[in-house]
Amino acid sequence: MSATEFCNHLFDTTTDGYIQLMKLNNKEIKIYNTQNKELREIVEVLENEVDVFVTPNTMYRKQRRVSNIRQFRALFQDLDIHKLGYSKDEVVCSIYIMAYENKIPMPTMIVDSGRGLHIYWKIKNAPYGAIQTWQELQDYLYYQLKPLEADRKALDGARVLRLPNTLNSKENALCKVLVLN
């Protein structure tokens, strides 16, 4: 699956606001703030590049801060499974078991980040006013997925996560979509 298809999953015609992409290069950071209509052009250029990240949620301004959120487009969790000693397939299986046991909703997308997994639940463009509910849901998902090494530091609405079809320099591994529902 291409990075463009990943963007099509999270960002559709109802997307409003700025989406931030960030490319790390040694100690330099290149920031791209774009709206949905230009997003795919930028993503095509950044595919196969090293250490590229994207915001799943949109901002009112070209500044990535929780207070600037325009739309919550997804809930997400970053699983640092390299600490577990389980394979990615085993962890994905555990996630599906948790969903079938109604401990968590069925994810809409699972991404191999190169070192761990990013789990997404696409939601309808909730406005900034939904921040308390969104954060409560994020926290709930975190506590359910904590045994699978969910990252407590990756729970804020302005978080950036790795863009699929880019390289993770820590593991020299390709970030890729594993599951799309």
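Two strands are taken to pair if DSSP finds at least two bridges between them. Helices (H or I, at least four residues) and strands (E, at least two) are DSSP runs, numbered from the N terminus. The structure is a predicted model, in which local features need pLDDT of at least 70 and side-chain atom pairs count only at pLDDT 80 or more, while totals for chains, interfaces and linings use all residues. Residues are numbered from 1 along each chain as its sequence is written, and side-chain values use heavy atoms, with hydrogens and water left out.

Strand β5 (69-79) is joined to β7 by 8 bridges, and the two run antiparallel. Within this pairing, L75 has W121 of β7 as its bridge partner, and A74 stands opposite K122. Strand β4 (residues 58-59) is also antiparallel to β5, with 2 bridges joining them; the bridge partner of M59 in β5 is I69. Of the 11 residues of β5, 10 are buried, where buried means under 20% relative accessible area, exposed over 50%, and partly exposed in between (1.4 Å probe, protein chains only). The hairpin of β6 and β7 has 4 residues between the strands, and G114 takes a positive phi near 100° in it.

An open sheet is formed by 4 strands in the order β2-β1-β3-β8, with antiparallel pairing. Strands β2 (28-34) and β8 (161-162) stand at its edges, each with a single partner strand, so one side of each has no neighbour in the sheet. Strand β1 (residues 19-25) and β2 pair over 7 bridges in the antiparallel sense, and M22 stands opposite I31 in β2. Helix α2 (residues 36-46) packs on this sheet, touching β1, β2 and β3 (52-54), and its direction makes about 20° with that of β1. Axes are lines fitted to C-alpha atoms, for helices over the stretch in contact, and angles run from 0 to 180 degrees between N-to-C directions.

Most residues other than glycine have a negative phi. N26, in the loop between β1 and β2, has a phi near 55° and counts as exposed at 79% relative accessibility. D51, in the loop between α2 and β3, has a positive phi of about 55°, but counts as buried at 9% relative accessibility.

Helix α3 (residues 88-100) has 13 residues and reaches 18 Å from its first C-alpha to its last, close to the 18 Å expected at 1.5 Å a residue; the expected span is 1.5 Å times one less than the number of residues. V91, V92, I95, Y96, M98 and A99 are buried in α3. Seen down the axis of α3, the buried residues fall within an arc of 160°, so they line one face of the helix; the arc is that of the directions from the helix axis to the C-beta atoms. On the other side of α3, D89 and Y100 are exposed. The buried residues of α3 pack against β5, β6 (109-112), β7 (117-127), α4 (131-145) and β10 (173-180), contact meaning heavy atoms within 4.5 Å. Just after α3, N102 takes a positive phi of about 60°.

In helix α1 (residues 3-10), 6 of the 8 residues are buried, so the helix is largely enclosed by the rest of the structure. These buried residues are A3, T4, F6, C7, H9 and L10, and they pack against α2, β3, β5, β6, β7 and β10.

The largest nonpolar core has 50 residues, and those with the most contacts inside it are F6, L79 and I95. A nonpolar core is a set of buried Ala, Val, Leu, Ile, Met, Phe, Trp, Tyr and Cys residues joined through side-chain atoms within 4.5 Å. Leaving aside neighbours within four places in sequence, L79 is in contact with V91, I95, G116, L117, I119, L145, L148, E149 and A150.

D156 is located in the loop between α4 and β8 and counts as partly exposed at 24% relative accessibility. Apart from neighbours within four places in sequence, D156 is in contact with V66, F76, W134 and Q135. D156 and G17 are 139 residues apart in sequence and 18 Å apart in space, C-alpha to C-alpha.
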